[in-house]
Amino acid sequence: MSDEAFSTTGRGVSFTAADEEKRRGVRRMKTIATGLLALASVVFALATWAKASGAGAWAAYLAAAAEAGMVGALADWFAVTALFRRPFGLPIPHTAIIPTKKDAFGKSLGDFVGENFLSGRVVRDRLASLGIARRVGEWLAAPGSAERVTREASAALRGVLAVLRDEDVQAVVAEAVTRRASATSVAEPMGRMLGTVVADGGHHGVVDLVTVRAHDWLAENHEDVVHRVTEKTPGWTPRFIDHQVGERVYKELMRFVTDIRDDRRHPARGAVDKFLADFAAELQHDPETIARVERAKAELLARDEVRDLIASTWAAVRSLVMTAAEEEDSELRLRITRGVRDFGTRMASDAKLRAKVDTWLQDAAQYLVDTYRDEITSLISETVAGWDADDASRKIEANVGRDLQFIRINGTVVGALAGLLIHTVAVALGG
């Protein structure tokens, strides 16, 4: 907090070194003002004595001026003193105004700020006159500005990522993902998507791939397939018969897979189409199928592997972002810099975009003012109410008391001149 700051501790008001210096200035001005009062008193006494001694008409003029100066000085001393304390400690009504009316002043100050500074119309007009969008656009488009924004944004991003604990982020993300997934039905969307794929024939490529892979595998594993078939034959059959059976089975498998691969109208393909279409319909309309899918989803979300996947994904993303934010020539920072500069250039040259941005800013400011006006004004009034009355009075006097002492000085001088003028007029009129 700077020396000029106005802070509170408990119900008291703290005084800074700057305040003490101001108080010394107030005391000096009080000495001068009081000195003028004393001087006017001495002059009045001497002039009155001289007048009584027959010194001449000038003594009467001087006495009248000094007397009026004394009256003006005393009246202004009373007025200034009554703001901060009771003159001579006497319980005179309407004195010690600041200590006794502190809370009312705080409320009035809060109301004044709310009505004259926190008005939506005032804020909108002020923002409109500033042309913030144009200024920001010109600054962002200027050389070095976009780089600075990117640098500061990267530093802020690194700071946020450094402060965040991995386990906290992982827990939040995992909870959000599982809660959202648990609340969302997946069976019906899956059924609609599968139905669309089957209707468009999008699954044919998968069937083609499976049949090609199956044909290639059979071609590469001829002996292994025959051997596995012969292992399942009865032990009492001759081996050459077992081998013939294995070869026969292998050839039938090859023929079947080859026919499916080459014939787009093969019954097996039709059976796959019908199965997928029926399954898509069941996913959308069959309660039992839907329930099974939802149970499978819940079981999947409850597995530790899902949380491990989320944790590893966050760790990878965090590492990637941290590295990109640290390296000045990373693609992330270069793209951000280009984007910021392009946005600034557009905003500086595009009147419609500037108007939109200015309107957004005005709407946001008006929303904040309209929403939080009462909280801000109550903060002012409650803060003032929390000050100690005597400390607040001394604090205010330290900041404005020096100027108030000029009122006493002016009152002495103006009073003396007024007294001289009145006496002159009175003499001229034969008084």
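Mentor: We begin with a term: helices here are DSSP runs of H or I with at least four residues, numbered from the N terminus. Please bear in mind that this is a predicted model.

Trainee: Which helices each supply at least two residues of the lining of the largest pocket?

Mentor: A pocket is an open set of grid points, and its lining residues have an atom within 4 Å of a point. In this structure, α11 (222-231) and α12 (239-262) each contribute at least two lining residues. The largest share, four residues, belongs to α11. The lining consists of Val226, His227, Thr230, Glu231, Arg239, Asp242 and His243, and the space in this pocket is about 170 Å³.

Trainee: How many residues of each class are in that lining?

Mentor: The lining of the largest pocket has three charged, three polar and one nonpolar residues.

Trainee: How many cavities of 30 Å³ or more does a search of the whole structure find?

Mentor: A cavity differs in that a probe fits but cannot get out. The search finds one of 30 Å³ or more, and the volume of the largest cavity is about 30 Å³. Leu127, Ile132, Asp358, Leu361 and Gln362 line this cavity. Helix α17 (residues 351-386) provides the largest share of that lining, three residues. By class, three of the lining residues are nonpolar, one is polar and one is charged.

Trainee: At what angle do the axes of α16 and α17 cross?

Mentor: The axes of α17 and of helix α16 (residues 331-349) come within 5 Å and cross at roughly 100 degrees. Angles of 65 to 115 degrees count as roughly perpendicular, and α16 and α17 are therefore roughly perpendicular to each other. On the α16 side, the contact is made by Phe343, Arg346, Met347, Ala348 and Ser349, and on the α17 side by Ala351, Leu353, Arg354 and Val357. This contact has six nonpolar, two charged and one polar residues.

Trainee: Where does phenylalanine 88 lie, and why does this residue count as exposed?

Mentor: Phenylalanine 88 is in the loop between α2 (57-84) and α3 (97-100). Although not a glycine, phenylalanine 88 has a positive phi of about 60 degrees. Exposed means over 50% relative accessible area; phenylalanine 88 counts as exposed because its relative accessibility is 71%.

Trainee: What is the phi of histidine 94?

Mentor: Histidine 94, also not a glycine, has a positive phi of about 60 degrees. This histidine is found in the loop between α2 and α3. Its relative accessibility is 74%, so histidine 94 counts as exposed.

Key
Residues are numbered from 1 along each chain as its sequence is written. This is a predicted model: local features need pLDDT of at least 70, side-chain atom pairs count only at pLDDT 80 or more; totals for chains, interfaces and linings use all residues. Side-chain values use heavy atoms; hydrogens and water are left out. On a 1 Å grid over the protein atoms alone, a cavity is a set of points where a 1.4 Å probe fits but cannot get out, and a pocket is an open set with protein on both sides within 12 Å along at least five of seven lines; lining residues have an atom within 4 Å of a point. Grid points are joined across faces, edges and corners, and a volume is the space filled by probe spheres set on the points. Ala, Val, Leu, Ile, Met, Phe, Trp, Tyr, Cys and Pro count as nonpolar, Asp, Glu, Lys and Arg as charged, and the others, Gly among them, as polar. Axes are lines fitted to C-alpha atoms, for helices over the stretch in contact, and angles run from 0 to 180 degrees between N-to-C directions. Angles under 35 degrees count as roughly parallel, over 145 as roughly antiparallel, 65 to 115 as roughly perpendicular and the rest as oblique. Contact means heavy atoms within 4.5 Å. Buried means under 20% relative accessible area, exposed over 50%, partly exposed in between (1.4 Å probe, protein chains only).
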